[in-house]
Amino acid sequence: MSLKPCPILINGNWSVPETAETSPVHNPSTGEVIAEVPHCGADVVDAAVNAAADAFEGWWQTPPIGRVRVLMRYCALLEENFESLAAMIVVEHGKTITEARGDLRRGIEVAEYACGITDMLKGEVLENVARGIDCSMVRQPIGVCVGICPYNFPALVPMWMYPMAIACGNSFILKPSEKVPLTGIRLIELFEEAGLPPGVFSVVHGGKECVDALLEHPKVAAISFVGSSAVAEQIHRKGTANGKRVQAAGGAKNFVVVMPDADVGQAVEGLTDAAFGCSGQRCMAGSTAVTVGAAADTFIPAIVDSARSLPVGPTHQSTTAKLGGMTTAAQRDRVAGLIQAGVDEGCDLLVDGRGVKVEEFPNGFYLGASVLDRVQEGMRVFDEEVFGPVLNVMRMDDVETAIEMAGRVAYGNGACIYTQNGRIAREFRHRVKAGMVGVNVGVPAPLAYFPFSGWDYSFFGDLHLQGRESVMFYTRAKVFTERWFAPGEGDVWHKDD
Ligand code: NAD
């Protein structure tokens, strides 16, 4: 059966572009191809950018409260379509329905936050900077903004970007991940239905060729990127070299320290979700547990039991499965290879998720939870982002050693500690090298009103996604200096004529 390619959106019209190259989208639970994605080239990108540039001229003149009204209708439509959108995430991504609802809910919260843009856009005024002279500053939108997205959060990551960009008065071009484009398309169909004028939003698809065309287009003002660090770094370099604003969030290695005084039940519950939730395909995954001292004796057997107890199954049918298929077969195979590399380099494989079988769907991309103990710096599983349902365990003598180790890791997204000791928690929070820190929390992903503040090799740029930093990113300052003369006042030049 030939599948209809996913549509693009330009100037308010959804259409299928003529392009020879397409790539498949799978249901990870069954391995079936459910859609084909067309890969757009420079010609399609040019049409999308020109439409967005034209539409920007009208959209930024729309009073902010008018833009908010569209967003409020959009939020209502997202609620009405909440369950069908969540089901779509499950089918194209493989995560559980509970995780899919979380993906969408966190995204909707950004759209709700964007409804407060009238307050966030207010400027500053200082009267009498000199006698009779006033100075004021307003923030204006920057123009055509682009969002390039990864596959692991089909709703949330695009929504980190476009509600705020649009609320600020920009036009926007979304390039969803070519692995999970269906949710993004539906999200934007609903935005159009909410009353967005034609051209304010465009959707294009593809991989590197499409992204390069966006990075090179002279009418693109800003790029928001989320994906792996190697690509994030390239995007940042190329985008800034082309004179664009760029915020590029990358990958991660997040450590969760378990102190001897931690409540083991809470630490196991937190780590089970942090390491194995969404099959470990999260930039905030708690991918390494660092046990301090005697914590190893109680925590390790308990997390092993928990990992073994997690049912794997077809998340589009099962409500009991805690792990579905990995989103792509390639990622499943890569993670399986990294588990083997860990074994070959001397780790103890306490739980092996590689042999898992789901009889009904032998072609699904399944991988069960795995636990690798005695991981050391320098091993591949230590150095590389695994991005799968694998928990590394490292054993250390004290929290100092754990903080120092985190300081040597290139990435800087998240770090957590489980302890009952406020002084140690405070010391860890203050000194650990990571932009998002949790205390007795497994996945410290900030909500819409705070920046998603990765550091170092986890983020390239200055202003992060979410929160007020996104208002700064999607606008630029204009400063007025004004003096109004009374009749005859200050007319020195003419008096001397
Ligand atoms: P990816 O880097 O492979 O792809 C991300 C996007 O970039 C996709 O839209 C893809 O089409 C495009 N792309 C891929 N290669 C490119 C190239 N050479 N040139 C230009 N564009 C290219 O990432 P992924 O596998 O889709 O997503 C997983 C990664 O995203 C993980 O590393 C994860 O940690 C990261 N991630 C980070 C955050 C964060 O906030 N820091 C959030 C979610 C995901």
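A residue counts as exposed when its relative accessible area is over 50%, as buried when that value is under 20%, and as partly exposed in between. Keep those cut-offs in mind for the views below, which come from a predicted model.

**View 1. Asparagine 128, an exposed residue in a strand.** Here we zoom in on strand β5, which covers residues 124–130 and holds asparagine 128. With a relative accessible area of 53%, asparagine 128 is exposed. Its phi is positive, about 60°, even though the residue isn't a glycine.

**View 2. Asparagine 11, in a loop between two strands.** Look for β1 (8–10) and β2 (13–15): asparagine 11 sits in the loop between them. Its phi is near 55°, another positive value in a residue that isn't glycine. Asparagine 11 has a relative accessible area of 42%, so it counts as partly exposed.

View 3. Aspartate 46 is partly exposed, because its relative accessibility is 34%.

**View 4. Stepping back to the chain.** Along the principal axes, the C-alpha atoms fill a box of roughly 90 × 60 × 40 Å. Of the chain's 497 residues, 57% count as buried.

Notes:
Residues numbered from 1 in each chain as written. Predicted model: local features only at pLDDT ≥ 70, side-chain atom pairs only at ≥ 80, totals over all residues. Heavy atoms only, no water. Buried < 20%, exposed > 50% of the residue type's maximum accessible area, 1.4 Å probe, protein only. Helix = DSSP H or I, 4+ residues; strand = E, 2+ residues; numbered from the N terminus.
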